[in-house]
Amino acid sequence: MGGLHGNEPAGVYALERVLAALESRSSALTGEFVALAGNRAALAKKCRFVDRDLNRAWTDERLARLRAEDSLGLESEDHEQLELLSTLDQVVTDARGTVYVLDLHTTSGLGGTFSTFGDSLPNRGFAEHIPVPMVFGLEELVEGALLAFLGEHGLVAIAVESGQHDEALSVDRAEAAIWIAIRSAGLLAPADVPEAGVGQAFLRAETAGLPHAVEMRFRYDVDPDTQFAMKPGYKNFLSVKQGETIASDRHGDIVVSEDSRLLMPLY
Ligand SMILES: [Zn+2]
């Protein structure tokens, strides 16, 4: 899945490339490869969302209500969510084995190539093949994220952040992750998917020097009404020191609480 956030089209472009390349290999596929564009209305408008973040409100209660309501007059993302939900339902119904989900995203700052997922052995096993830093604890903090919902329903689901929103390399990194996922999900025999090995070498080079895994220790929620301003020069995984001022808002300076690495500086 790409473009769950409409300002993050890299995943969709990467999926288009992979779909085109898979065409001549379709007879070798031992399962289904399903490519989804998440928030299509927002992708068309090149914005994160139209009415609300589509990567929220993935809870059984909320979805039951959404299914029951008349769709007339609903918010744009309600339509998107219902469409995605029925497609995912169909995928799960048709599946003859484990369903693996790769949720492709990008970030506003540079250097943000990493995976994040609910910490279970199947998720970790799937993520381990993609040689980018693993970020633990991030997924749990996003209330109602699609990934958590899929995990609760028995799918193996990880998110891959492939770089800055508009960077051409973000498409290449996402594409590499998809090929690796195709091989590790067993959709194609290793000999039929040489792109996976190439992709691993590429991602290893792209993330050289970055930690294998990090744990979320502190998070600052940015309220759009508080004049949040990041100090210049920060990028993902940059080492920061305890006491360092990295941003400010109406409430004052935002100071790092312990020696650590910074993730997702907001510009
Ligand atoms: Zn996103």
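**Reading the packing**

Tutor: Start with α3 and α4, which are roughly perpendicular to each other (angles under 35 degrees count as roughly parallel, over 145 as roughly antiparallel, 65 to 115 as roughly perpendicular and the rest as oblique). This is a predicted model, in which local features need pLDDT of at least 70, side-chain atom pairs count only at pLDDT 80 or more, and totals for chains, interfaces and linings use all residues. Residues are numbered from 1 along each chain as its sequence is written, and side-chain values use heavy atoms, with hydrogens and water left out.

Student: What is the angle between α3 and α4, and how far apart are their axes?

Tutor: Axes are lines fitted to C-alpha atoms, for helices over the stretch in contact, and angles run from 0 to 180 degrees between N-to-C directions. Helices (H or I, at least four residues) and strands (E, at least two) are DSSP runs, numbered from the N terminus. Here α3 and helix α4 (residues 76-94) pack at about 100°, with their axes 10 Å apart.

Student: Which residues of α3 and α4 meet?

Tutor: Contact means heavy atoms within 4.5 Å. From α3 come Arg62, Leu63, Leu66 and Arg67, and they meet Asp78, Gln81, Leu82, Leu85 and Asp89 of α4. By type, this contact has four nonpolar residues, one polar and four charged (Ala, Val, Leu, Ile, Met, Phe, Trp, Tyr, Cys and Pro count as nonpolar, Asp, Glu, Lys and Arg as charged, and the others, Gly among them, as polar).

Student: How do α1 and α8 pack?

Tutor: Helix α1 (residues 10-22) and helix α8 (residues 168-184) pack at about 50°, with their axes 8 Å apart, and α1 and α8 are therefore oblique to each other. Their contact includes Tyr13 and Leu15 of α1 and Ile178 and Trp179 of α8. The residues of that contact divide into 12 nonpolar, two polar and three charged.

Student: Now the rings. How many aromatic pairs are there?

Tutor: Rings of Phe, Tyr and Trp (its six-membered ring) pair if their centres lie within 6.5 Å; planes under 30 degrees apart count as stacked, over 60 as edge-to-face and the rest as tilted. A search of the whole structure gives five such pairs. In one of them, Trp58 and Phe149 have ring centres 5.6 Å apart and planes at 45°, so the pair is tilted. Trp58 is in the loop between α2 (40-45) and α3 (60-68) and Phe149 is in helix α7 (residues 146-152), so the pair ties together parts 91 residues apart in sequence.

Student: Are Trp58 and Phe149 buried or exposed?

Tutor: Buried means under 20% relative accessible area, exposed over 50%, partly exposed in between (1.4 Å probe, protein chains only). Trp58 and Phe149 are both buried. Thr207, in the loop between α9 (194-206) and β5 (213-215), is buried too, at 8%. Leaving aside neighbours within four places in sequence, Thr207 contacts Thr113, Pro131, Val132 and Pro133.

Student: And the backbone: what is phi of Ala57?

Tutor: Phi of Ala57 is near 65°, a positive value in a residue other than glycine. Ala57 sits in the loop between α2 and α3 and is partly exposed, with a relative accessible area of 21%.

Student: Where does Met264 lie, and what is its phi?

Tutor: Met264 is in the segment after β10 (260-261), with phi near 55°, again positive in a residue other than glycine. Met264 is partly exposed, at 37% relative accessible area. Beyond neighbours within four places in sequence, Met264 touches Thr107, Phe114, Leu138, Glu161 and Asn236.
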